[in-house]
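Subject: Structure handover

Hello,

Here is the structure I said I would pass on. Please open it beside this email; my notes follow below.

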Amino acid sequence: MTDELVEREVAAEQAFVDRVYAQMEHAASAAAELAREGHSRGRLGHEGGLVERDAMVFQAAKRIAQLDAAHEGLVFGRLDMDAALDPAPRYVGRIGLRDGDRNSLLIDWRAPAAAVFYQATAADPQQVLRRRVLRSAGRSVVGVEDELLDAEGLAAAEEQGRELPIIGEGALMAQLSRARDRSMHSIVATIQAEQDKAIRAPSRGVVSISGGPGTGKTVVALHRAAYLLYSDRQRYERGGVLVVGPSGVFMRYIERVLPSLGETAVALRSLGEVVNEVRATRHDEPAVADVKGSARMAELMRRLARQQAPGSPTEFRVFWRDDRLVLDRGKLGQIRRQLMSQGMRNKQVPRVAQALLDALWRQVRGERGREQGRERFNDDMLSRPDFLEFAAAWWPPLDAPAVLCWLREGELLARIADGLLSGEEQRLLAKSWSTLDPNRPISPQISIEDVPLLDELRYALGDVPARTEDERDDPMALIEGAVDINELMTAADREFSSGRGWRPPTNSIEDDGYAHVLIDEAQDLTPMQWRMVGRRGRTASWTIVGDPAQSSWPEPAEAAAARAEALDRKQVHEFHLSTNYRNSAEIYAHAAAYAQRVGLDADLPDAVRRTGAEPKDVVLGPGAGSAQLEAATREAVLELAGAVSGTVGIVVPVARRSEVNAWLASWPELAQDAPGARAAAVDSATTPSGEDRVVVLTGLDTKGLEFDGIVVVRPQEIEDESATGRATLYVVLTRATQLLTTIS
Ligand SMILES: Nc1ncnc2c1ncn2[C@@H]1O[C@H](COP(=O)(O)OP(=O)(O)OP(=O)(O)O)[C@@H](O)[C@H]1O
C-alpha cells in the first residue's frame, strides 16, 4: 500500500466530509431561522415535524462540535455494498442528515439502515464488500481503516471499474491502543457485533448485560441509552432516562459519552445522588456499610417513621362546658396507630384535627355540652390557639432528613432496632449517626449508604404538604388547607413541565419515576440500593450491567432477592460480552491468574491486544519502612508516567490515601501532572477530579475506570481491607490498558 494511495483515499473522504459539514451548517442556519419565526408564532414544529427535526439536528450538531472535536468525527463510517444492492457508498455518522433534495446523505448510527455497519462480519458479510472507518481530528480526516468482508464480491466490483482498496490495520486495534484521558469516549465507529446486539435490543422489559472486565459493558449500556432515545424519543425524553453508577468519579468519567452522541436528556447520578437534591460522596467503613445496606434496614426505617416525634407534646387537656377532656399518652398512641393505618404519615396531616376532635368529643358527657352539639364543639376547639398549637406540634409534617436525625438518640435507635439488629450492629450504627444535626443541611452529613435510608423514609412519610409563605406560620393552614395546596402544587408542576422534553426533578415522590433506568456496576448494589432504584423504575424499561466476580457486596443472595423485587417480574433478556477491550493480553492474564488463585468465580473474557509488556512486581516485603515504600512508589510512578502518554492511577489501601497523596504532591517531576494531590492529601474525603493525569485512588474508587498505567501500592492490604477485598483487588488489577506495576 503506497502513501500516495492512502493520501488519495483520505482526500476523497475529506471531500465528502466537507460536503456533510456544509450541509449541516446550511440545515442549522435554516433551522435557527425557522425557530426564530416559530417562536414568535408561539410554538415550534407545526410543519409536520420537519422543522423540529432540523432544529434537533442543529442542537445535536452543536454539541458534537463542541465536545468531541478533537477525537471522533461527525462522519465515521462508510459501507461499500454489493453493486446489485447499491453501487454508491453509504456513510454512517453520529447524527443523520439529508441533502438539499432530502435524500439521505448521512445515516444516523442508530437507524435500522446502519445496523449492518456493525453486524456484517466476514463470515456473514450481509452484502457488504468493504467496511471503512474514518479517523478524524475535528473536521479533518486523518486516516482510514478498512476491513474486507467479501473478497470475491470486491474482486467482482473492481472488475466492473469500482476502486475499493483495503487500507490500514483495522479500526478496532487502532482505537484500543489510543492513550486514555480522564473521560470515556464513544465507540460508535467500532462497536462489535455482539455489543451491537445488546445496544439494539428491544426496549421492553429488562436488558441484562454481563461480561468480565473491560468487555465494554459500560460503554455499550451508554450507547444503548442513546439508541433508545433515538428509537422512541417521545417516550424516553418525556419520561426521562436515569443512569446510575457507583461514584462521582465514575460519573465524571462517563459524562461526555452521551452528549458526544448528541444526547443530553439523561440524568446521570451516582449512588449517592439518586434522591433529588441529596448528594452524598463519602462511603461508610465496610462494617457499617454492610449493616446499612441490609434489607433489614427497610423495617428499621418503617419503624422509625412511625415514632412519636421527639420533643412533641404527649398530653392535651381542655375544659369544655362541664367536662374535663384529656388526651393522655395511651389515648394519643391509639389515635396515632389509627392514623398510621390509613397511609403515609404526612398524608394524614389534614386528618389530624378531625381525629383529635373525635376522641375529645367522645369524652363530652355533660348535658350542656351534648346539647350544644358537635358542630359547636368543633367551632370552639378550632378557634382555640392551644388546641391548634397542640395539633400542629403533635403531628407536624416531617421531612426525611429531620426524621433520619432522630437516630442520633441512641435510646430511640435501641428501641426500634430491638429484635432486628444485633448489639454490635446497633453500636456501629449509633456511632455513625451520633453527630447528625437537624439544623445543618443533610447532604454533607450523610454517607452514600445513608441515601437509600433517606429514600425509604421519604416513602414511609409521604411528601411534606407544601404551604405558601403566608401559611407557613399559621397552624390553621396546616389542618384545613394542606391537601388542596398539595394538589395545586403538583398540578402546577405538571403544567410547568408539560412542554417537550424531560421534566426537571421536583422533590415529590410522585415524580421519582423514569421511563428507563440504567444501572452500571449492578453487582455492587445493596438490597437497600435496589429498593431505591426500584422505586424509580416501576413502569420503566431497564438496562442492567454487571460482573458478579467484581462484586463488593458480601450477601449476594439478599441482593439478588432485592433485585428481583425491584424488577417486579419484568421479562429479562440476557446478553453476554466475551472480549476484553481494555487490558493488554499480558495484564489480563496476570489478573485472571490472580482471580483463579484466590478462588473468585470469574467470567474470563479474551483479551485481544498484545503489547509485549509484562506486569511488574516490586517486592519490598512487610518489613519495609515508609521511606522505602515511598521511594519504590515514586520510581514506579515516574517510570509509568514517562512511558505512557495518557493517565496513571496509583491505587492504595484506604488507610494510606492521604499519605500517598502527600508523597505525590511533593514530587517535583509530577507537579504539572497532579495538581490536585495536595488538596487530596489535606482532605482525605476528596476524590480526584478535574484533569489530573496522575491520581491516587482507593480500590473501590477505581470501579469502572481505566488508566494507561496502574501502580498498586501494597496489594495485600487492599485484599485484607474488607470481606470482599479479593474481588476489589481483582478490579484494581484489571484497570490498566498498557502497564501495571505492583509494589508488595
Ligand atoms: N467496540 C469497541 N471499540 C473500541 N473500544 C471499545 C469497544 N468496546 C469497548 N471498548 C473500550 O474498552 C474499554 C472498556 O470498556 P468498559 O469500561 O465499557 O468495560 P466494562 O465491561 O464496563 O468494564 P469493567 O466491568 O471492567 O468496568 C473502554 O475504553 C471502551 O471504550
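In these notes, Ala, Val, Leu, Ile, Met, Phe, Trp, Tyr, Cys and Pro count as nonpolar, Asp, Glu, Lys and Arg as charged, and the others, Gly among them, as polar. By that scheme, the shell around the ligand has seven nonpolar, eleven polar and four charged residues.

The model is predicted: local features need pLDDT of at least 70, side-chain atom pairs count only at pLDDT 80 or more, and totals for chains, interfaces and linings use all residues. Residues are numbered from 1 along each chain as its sequence is written.

The ligand is surrounded by 22 residues, where near means that the C-beta atom, placed from the backbone, lies within 6 Å. The closest are Pro213, Gly216, Lys217, Thr218 and Tyr581. At least two residues of the shell come from each of helix H5 (171–176), helix H7 (217–231) and strand S15 (579–584). Helices (H or I, at least four residues) and strands (E, at least two) are DSSP runs, numbered from the N terminus.

Next, a sheet. Six strands form an open sheet in the order S9-S8-S12-S13-S7-S14, with parallel pairing; two strands pair if DSSP finds at least two bridges between them. Its edge strands, S9 (266–270) and S14 (572–577), each pair on one side only. Strands S12 (residues 516–519) and S13 (residues 541–546) pair in the parallel sense over four bridges. Valine 517 stands opposite tryptophan 542 in S13.

Regards
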